[in-house]
Amino acid sequence: MGCQGCAVPQILKKAQTSNKPYVLTESRNNKFGMNAQWWTEALYPGIKNSGIAWVLMWRKDGPDHYFASYKGDVAEEDFKTFEDLKEILFLKEISKINY
């Protein structure tokens, strides 16, 4: 996996031991403005081919406290590239799947 120092391998091991799916329930980029390719060079390599069921991005504080991209963010275009990856699904795509 491509995430040096991240918890994905430990999450996977615990999920396999418990026979459960695994997810990243809290993920964030708390250094916005520092990596214009955070989505495709930091997050994506860590989750690609990992088997993670889903990743949740969140925002906790006031309007200037972001953990996901926003219009005008230095990583805005990279987020769009990430969103367009065929293996990345957002709620709007998932809701169209017939189970």
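This is a predicted model: local features need pLDDT of at least 70, side-chain atom pairs count only at pLDDT 80 or more; totals for chains, interfaces and linings use all residues.
Two packed helices are described by the angle between their axes and the distance between the axes. Here the axes of α2 and α3 cross at roughly 35° and come within 8 Å. On the α2 side, the contact is made by W38, W39, T40, L43, Y44 and I47. Helix α3 contributes D78, F79, T81 and F82. Sorted by class, the residues in this contact are seven nonpolar, two polar and one charged.

Just after α2 comes N49, a residue with a positive phi of about 55°.

The aromatic side chains come next. Across the whole structure, a search finds five aromatic pairs. One of them joins W38 and W39 in an edge-to-face arrangement, with 4.9 Å from centre to centre and 85° between the planes. Both of these tryptophans, W38 and W39, are buried. A second pair is formed by Y44 and F82, whose ring centres are 6.4 Å apart. The planes of Y44 and F82 stand at 75°, over the 60 degrees that the class requires, so this pair is also edge-to-face. Y44 belongs to helix α2 (residues 38-47) and F82 to helix α3 (residues 76-83), so that the pair links distant parts of the chain, 38 residues apart. Y44 and F82 are both buried.

Charged side chains make up the last part of the picture. Side chains of opposite charge can pair when their charged atoms come close. In this model the count comes to three salt bridges. The side chain of K80 meets that of E76 at 3.6 Å, N to O. K80 and E76 are four residues apart in helix α3, which means that about one helical turn separates them. K80 also forms a salt bridge with E77, at 3.4 Å, N to O. E77 and K80 are likewise separated by about one helical turn, because they sit three residues apart in helix α3. K80 has a relative accessibility of 36%, so it counts as partly exposed. E77, by contrast, has a relative accessible area of 52% and is exposed, because the cut-off for that class is over 50%.

The remaining salt bridge is that of K92 and E83, whose side chains meet at 3.4 Å, N to O. Both partners fall in the partly exposed class: K92 has a relative accessible area of 49%, and E83 has one of 23%. Salt bridges that share partners also join E76, E77 and K80 into one network.

Key. Residues are numbered from 1 along each chain as its sequence is written. Side-chain values use heavy atoms; hydrogens and water are left out. Rings of Phe, Tyr and Trp (its six-membered ring) pair if their centres lie within 6.5 Å; planes under 30 degrees apart count as stacked, over 60 as edge-to-face and the rest as tilted. Buried means under 20% relative accessible area, exposed over 50%, partly exposed in between (1.4 Å probe, protein chains only). Helices (H or I, at least four residues) and strands (E, at least two) are DSSP runs, numbered from the N terminus. A salt bridge is a side-chain nitrogen of Lys or Arg within 4 Å of a carboxyl oxygen of Asp or Glu. Axes are lines fitted to C-alpha atoms, for helices over the stretch in contact, and angles run from 0 to 180 degrees between N-to-C directions. Contact means heavy atoms within 4.5 Å. Ala, Val, Leu, Ile, Met, Phe, Trp, Tyr, Cys and Pro count as nonpolar, Asp, Glu, Lys and Arg as charged, and the others, Gly among them, as polar.
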